[in-house]
Amino acid sequence: MSTRIPFLKGHGTENDFVIVPDPENAVELSPAAVAALCDRRAGIGGDGVLHVVRSAAHPEARAMAAEAEWFMDYRNADGSVAEMCGNGVRVFARYLQHAGHTTEGDLAIATRGGVKTAHIAKDGDVTVGMGRATLPEGDVTVSVGERNWPARNVNMGNPHAVAFVDDLADAGDLLAPPPFSPASAYPDGVNVEFVVDRGPRHVALRVHERGSGETRSCGTGACAVAVAAARRDGADPAATGTPVTYTVDLPGGTLVITERPDGEIEMTGPALIVAEGVIDAKWLETAVG
């Protein structure tokens with residue numbers, strides 16, 4: 001391993017990431033290494049790591065290489081592997097533009113949740129095709145302290161429990177994962193969104209991301225919330241043939257979510273690269289222990 005590993009820092013609605021460009025998949029990023037990089041006091045700090053690898057060079061992405069040149073090998077802040085990260089896809093696309101690998105317009109990005117399409121607009125916003133939501137059957141409940149709420153089970157390639165509450169403060173401190181039941185609904189854990197209404201087709205949320213704690217933003221969570229809100233409000237584009245758009249306020253900014261009649265969901269929002277530098281590989285080895 002090189003003694004100096006390039007990195008960048010970026011964020012999408014303040015969901016922030018350490019970006020590690022590694023086209024040939026030569027940098028070993030163990031869970032402990034990822035956790036060290038994401039440590040906000042002893043490392044660089046971030047909600048996760050975007051490991052940038054050519055699809056053909058990664059065993060989990062080779063089958064997608066014909067559709068998408070680049071694979072977003074995404075890791076949560078605790079080092080665990082995640083299927084997808086919507087804000088991460090936008091920042092990943094911005095990095096590819098920053099590095100000269102793509103320009104304004106459309107591109108495809110491979111993820112563990114499948115190939116995602118992104119569009120980089122001239123105004124700087126990035127729109128990501130997030131795929132279709134699935135709504136598993138069965139009642140789900142989430143809890144904070146002695147209180148509990150019914151939640152909508154929404155899967156965006158990763159699992160979400162969406163609870164509508166009276167006040168975002170009802171979510172508590174979100175330091176620990178909110179308990180849920182039944183346990184069988186989410187055998188691998190879940191992202192939990194607490195949602196309030198702000199106006200017609202306008203909601204706000206707080207989220208506990210599985211493996212990362214409360215974050216400033218969650219793209220797949222915003223999509224899950226928009227779908228859950230639409231169904232609660234009696235709107236189903238597949239039934240009406242009319243797209244439905246929700247504005248979703250998050251602690252770190254605002255995303256616009258559109259569900260089309262074919263079920264495809266699009267997420268639009270900002271994505272910024274804010275810094276770049278090098279990681280001292282010796283420090284990383286020491287931090288990992």
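This is a predicted model: local features need pLDDT of at least 70, side-chain atom pairs count only at pLDDT 80 or more; totals for chains, interfaces and linings use all residues.
Residues are numbered from 1 along each chain as its sequence is written, and side-chain values use heavy atoms, with hydrogens and water left out.

**Entry 1: Arg40 and its partners**

I looked up arginine 40 and found its side chain in a salt bridge with aspartate 16, at 2.7 Å from N to O. Arginine 40 sits in the loop between helix 1 and strand 3 (48-54) and aspartate 16 in strand 2 (residues 15-21), so this pair ties together parts 24 residues apart in sequence. Helices (H or I, at least four residues) and strands (E, at least two) are DSSP runs here, numbered from the N terminus.

Arginine 40 also bridges to aspartate 47, at 3.1 Å from N to O. Is aspartate 47 buried or exposed? It is buried, with a relative accessible area of 7%; aspartate 16 is buried as well, at 10%. My cut-offs: buried is under 20% relative accessible area, exposed over 50%, partly exposed in between (1.4 Å probe, protein chains only). Shared partners join Lys9, Asp16, Arg40 and Asp47 into one salt-bridge network.

**Entry 2: Asp73 and Arg75**

I checked aspartate 73 next, and its side chain meets that of arginine 75 in a salt bridge of 2.8 Å, N to O. Both aspartate 73 and arginine 75 are buried.

**Entry 3: helix 1 against helix 5**

I then took helix 1 (residues 31-38) and helix 5 (residues 281-288), whose axes come within 9 Å and cross at roughly 110°. The axes are lines fitted to C-alpha atoms over the stretch in contact, with angles from 0 to 180 degrees between N-to-C directions. The two helices are therefore roughly perpendicular, a label that covers 65 to 115 degrees.

Which residues make the contact? Helix 1 gives Ala32, Ala33, Ala36 and Leu37, and helix 5 gives Trp283, Leu284, Ala287 and Val288, with contact meaning heavy atoms within 4.5 Å.

**Entry 4: Gly131**

Last, I looked at glycine 131, which lies in strand 7 (residues 126-132). Glycine 131 is buried, with a relative accessible area of 15%. Leaving aside neighbours within four places in sequence, glycine 131 contacts Lys116, Met156, Gly263, Glu264 and Ile265. I also noted 10 Å between the C-alpha atoms of glycine 131 and aspartate 262, which are 131 residues apart along the chain.

Methods: Angles under 35 degrees count as roughly parallel, over 145 as roughly antiparallel, 65 to 115 as roughly perpendicular and the rest as oblique. A salt bridge is a side-chain nitrogen of Lys or Arg within 4 Å of a carboxyl oxygen of Asp or Glu.
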